[in-house]
Amino acid sequence: NHGVLFSDTYQKKLKSQFYYADKDPQYGARLFFENSGGSLRLKKAVEAKAAIEEFPDCPERARGRGFELADYVKNGTQEILEVIFGAKSGALITELTASQTMFHAVGTIMEGVDWGKNAVTSALEHPSAHDAVEYYCKKTGREFREVPANKVTGGLDPDEIMKYVDKDTVLLSIMAASNIFDIETIVREARKINPDIYIVSDAVQHAPHAVIDVEDWDVDVCNFAPYKFFGVRGCGYAYVSDRVAVMPHIKLTCKDDNVWALGTPAPANFAAMMAVIDYVCSIGKHFLGDSAQKYNKRELFVEGMNHIHLQERALLYRMLEGTDKVPGLRHIPGVQVYVDMEDLTYKDLIVAMGIEGIEFAECARRYLEHGVTLFERVKSSPYSKRIVETLGLEGALRVSPLHCHGTDDIDKFLKITKDIAEGK
């Protein structure tokens, strides 16, 4: 329940595979605890993208290097669907951003069905998920329904969600992320009320921390952003189920009904994501040892993500509780941990906190002076306003380390926090 730490040697080995994990080349030493706004970049992902981008060849040319570039697109599409999403069928949407994939998928569903009077999402959703539902409700003349958050847990209660779902609900959009409880139960109960409902899950914040399984979740749409998953910017991916894949959507007339790609794909983006997949699989292989050869790539990936999740849970517990040498956030006078909960099995490695007497943006600036990069979520931000308000907060500091960080990083952060709280 409190996680399982990597060995110090292995943790340092993993950290060495990321760019600028401990220092910025211009600004010097730092702790990068803002991995929810992006993530540390895996070196092999950046290098894979750079290497492929050197070539001018078109992946749609059936000759020379075109074959190799086309393989990155073909194999990358397959690996993203099967290994990351755990999909056995369906199709892949590719866009410049994960937000675009969300609008694309939600719009296709909402405009493509001729039944239903409402759609449901939650007050905790990222604007790309929340606003996509709101926008297409207005466009299609349906009622927009918003589920409030549980202000104690910071999550969503399945029973509360079901109060907003009925036989006329076309679409339910609920994210899979920190403090969100049991997506399988939510989907199962929603389908009991309306077997024909379309269910969408934004996994952008969740993907770097734990396993995605669209088959077990039984969702119709799920997306993630590579730049928040150790990868590169400039691309977003979404899975769509078979029944969504063949719905009328923007496509080239000559392409099959289940093809969502428009124009020439970017092989380098697929190569970068394949490098991320290989990295996670290498963690799975490390823990499986000699038996690793018995497992397929999806199984190795799941094993790797499960160990990442356990490492991050252990780091989260240490951040909250501390040690004999340094108190945790729960025990530093003046520090408040928002939407805290004892059962950490339902949380990703993201902490919302504040320090009494210090405004959030000012507090983030003080952390930066101490070499810590984190982020303030406040009402003045269009990305944060609805979320902090639904939780009954004025704002919060969002602290998000990564699995490659170690206990020394957490302890350093706690010491800095204690100093800031004491006015040092």
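Predicted model: local features only at pLDDT ≥ 70, side-chain atom pairs only at ≥ 80, totals over all residues.
A negative patch is made up of Asp182, Glu184, Glu215, Asp216 and Asp242. One of these residues, Glu215, belongs to helix H8, which covers residues 214-217. A nonpolar surface patch consists of Ile250, Leu252 and Leu262, which together contribute about 280 Å² of accessible area. Within this group, Leu252 sits in the loop that joins helix H9 (242-245) to helix H10 (267-288). Leu252 is partly exposed, at 36% relative accessibility.

Salt bridges form the next topic. The model contains 27 salt bridges. In one of them, Glu160 pairs with Lys163, and the closest N and O atoms are 3.1 Å apart. Glu160 is partly exposed at 23% relative accessibility, whereas Lys163 is exposed at 62%. Another joins Glu189 to Arg188, with 3.8 Å between the closest N and O atoms. Both partners are partly exposed: the relative accessible area is 25% for Glu189 and 44% for Arg188.

A further salt bridge links Arg330 and Asp340, whose closest N and O atoms are 2.7 Å apart. Arg330 is in the loop between helix H11 (297-321) and strand E11 (335-337), while Asp340 is in the loop between E11 and strand E12 (351-355), so this pair ties together parts that are 10 residues apart in sequence. Arg330 is partly exposed at 22% relative accessibility, and Asp340 is partly exposed at 26%. Elsewhere, Arg191, Asp218, Asp220 and Arg243 are connected in a network of salt bridges.

Individual residues in other elements complete the description. Ser128 is located in helix H5, residues 127-140, and is buried, with 7% relative accessibility. The Ser128 side chain makes a polar contact of 2.9 Å with the side chain of His126. Gly66, in helix H3 (residues 65-84), is also buried, its relative accessible area being 1%. Between Gly66 and Lys251 there is a separation of 185 residues in sequence and a C-alpha to C-alpha distance of 23 Å. Glu146 and Pro265 are 119 residues apart along the chain, and their C-alpha atoms are separated by 36 Å.

Note on methods. Residues numbered from 1 in each chain as written. Heavy atoms only, no water. Patch = residues over 30% accessible without salt bridge, like charges linked within 9 Å, V, L, I, M, F, W, Y side chains within 5 Å. Areas by Shrake-Rupley, 256 points an atom, 1.4 Å probe, with all protein chains shown as cover. Salt bridge = Lys/Arg side-chain N within 4 Å of Asp/Glu carboxyl O. Lys, Arg positive; Asp, Glu negative; His and termini not counted. Charge placed at Lys NZ, Arg CZ, Asp CG, Glu CD. Helix = DSSP H or I, 4+ residues; strand = E, 2+ residues; numbered from the N terminus. Buried < 20%, exposed > 50% of the residue type's maximum accessible area, 1.4 Å probe, protein only. Polar contact = N/O pair within 3.5 Å; in protein donor to acceptor, adjacent residues only side chain to side chain.
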